[in-house]
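Please look at the sequence and the model first.

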Amino acid sequence: MTIEIDESNLKEGVLGLVIAVVEILEEALKIQALKRMESGLLADEEIERLGRSLMDLHEAIEQIKTDQGLTKTVDEIRAELDDIVDDVVEKMVNPVDSRDLLGQDTVSPGTLWNREGELC
Amino acid sequence: MLNRTAMVEQRGHTDTPGEAAGMNDAPGSTSADIRDVQAAPGKDGLYLYALVENGREIPRGITGVDGEQVFGIPCRTMSAIVHACPLTPYASEDKEVVTGWVVSHEQVLEHLIGAGINTIPFTFDTIIKPENGLDARRVLTGWLSKEYETFVQKFGKVRGKKEYGVQVSVSRRKIGDAIAATSDQIQQLDEEAKVSGPGKMYLIRQKREKAINAATDAEIAGIITEITGKIQGYCSDLHMGKLKKWQVPERDMILNCSCLVPDENYPKLGAVLEEIEQEGNVSIRFTGPWAAYSFV
């Protein structure tokens with residue numbers, strides 16, 4: 001699967017991809033921050049500082065998206081990334097391809113193919 | 001194996017049920033028969049729609065992808081439903097053209113299913129080509145003969161049954177709002193946020209969102225278990241498909257299920273789904289009958 005980027009606006013596409021990756025990192029940071037907070041090992045001051053940093057990061061990301069008109073592009077890229085992850089997970093959960101389902105795995109190669117040019 | 005039946009069907013005429021579907025195969029077929037069937041220049045391939053079990057009349061004059069005349073090629077107790085095509089897959093950059101082809105493919109299957117014919121469907125753009133000096137027809141019949149027992153088993157699995165789609169959606173936001181309104185944990189977090197500085201408040205809000213999402217996921221898992229429990233008794237098999245985007249805003253698909261349903265159970269399944277929807281928590285899309293793609 002490929003990530004589709006609008007070729008007429010490469011800058012938007014690339015920047016959108018960068019922001020999408022930064023958002024994913026931001027989510028990972030939030031998870032870690034919550035774990036630290038819930039561990040009880042951080043002082044109130046440290047929790048406050050951690051929270052403010054993440055809040056500032058979030059606001060900065062949102063500001064860039066708004067300024068550059070990237071909100072829709074980032075959403076689309078993230079949806080496509082989600083699809084890729086879903087596909088990978090699906091293949092891990094159910095590693096059976098259509099050839100097995102159709103019982104055609106014994107057909108000699110090249111006899112049947114689908115529109116992607118693959119044996120089916 | 002190859003006889004007059006196939007030639008007649010290619011011209012859009014069907015004979016008696018058995019004859020049309022190859023029940024009356026006469027021995028002594030000649031290679032001339034084969035050449036006659038595939039005489040169209042540049043159309044040395046066979047586009048395969050489905051295998052059908054003999055015994056019922058194939059609807060007359062079906063046209064398939066690109067308006068091509070569909071015909072049957074008999075092999076023992078089954079027939080392959082095909083049209084003669086070039087040796088290149090159907091491909092276009094124009095989405096409308098591709099959609100038209102796929103719809104035509106599905107319409108052929110609908111004709112077969114609508115006529116009560118036991119059908120094993122093939123996906124769009126399955127093309128058989130000549131190989132090792134054999135024309136496509138001989139390649140096809142050779143393959144069907146070789147895999148005959150496999151296909152007999154598959155026909156047995158779907159005989160008297162049809163595939164239906166059951167898609168269920170909920171509003172995650174509404175479920176989340178209901179959880180937030182009643183959960184002690186969420187109310188405690190709200191109280192804690194009120195007396196916190198902006199940084200801690202931000203983290204508490206993240207925690208709140210995470211807790212609501214987890215509770216929403218748990219509730220949705222319960223809904224899925226309940227629904228599948230209610231419908232599986234009416235299905236001989238279930239296949240869980242990938243979740244897709246629901247067309248209505250603010251609704252999320254939580255179940256995308258293909259059901260292989262015995263014909264006599266179809267009304268009961270419909271009634272159960274209607275009852276579930278009337279309870280008000282979910283929206284249900286019940287589609288079909290489809291060719292049993294998911295179960296062969």
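## Confidence and helix packing

Helices (H or I, at least four residues) and strands (E, at least two) are DSSP runs, numbered from the N terminus.

Residues are numbered from 1 along each chain as its sequence is written, and chains are lettered from A and ligands numbered from 1 in the order in which they are written. Local features need pLDDT of at least 70, side-chain atom pairs count only at pLDDT 80 or more, and totals for chains, interfaces and linings use all residues.

| Part of chain B | pLDDT |
|---|---|
| Chain B | mean 84 |
| Residues 1–39 of chain B | under 50 |

Where pLDDT is low, the predicted coordinates should not be read in detail. For the complex, the predictor gives an ipTM of 0.70 and a pTM of 0.70.

Chain A holds four helices and one strand, in the sequence pattern α-α-α-α-β. Helix α1 (residues 10–39) of chain A packs against helix α2 (residues 44–68) of chain A at an angle of about 165°, their axes 11 Å apart (axes are lines fitted to C-alpha atoms, for helices over the stretch in contact, and angles run from 0 to 180 degrees between N-to-C directions). Therefore α1(A) is roughly antiparallel to α2(A), a term for angles over 145 degrees.

Methods. pLDDT is the predictor's confidence in each residue, from 0 to 100. Two residues are in contact if their C-beta atoms, placed from the backbone, lie within 7 Å. Angles under 35 degrees count as roughly parallel, over 145 as roughly antiparallel, 65 to 115 as roughly perpendicular and the rest as oblique.
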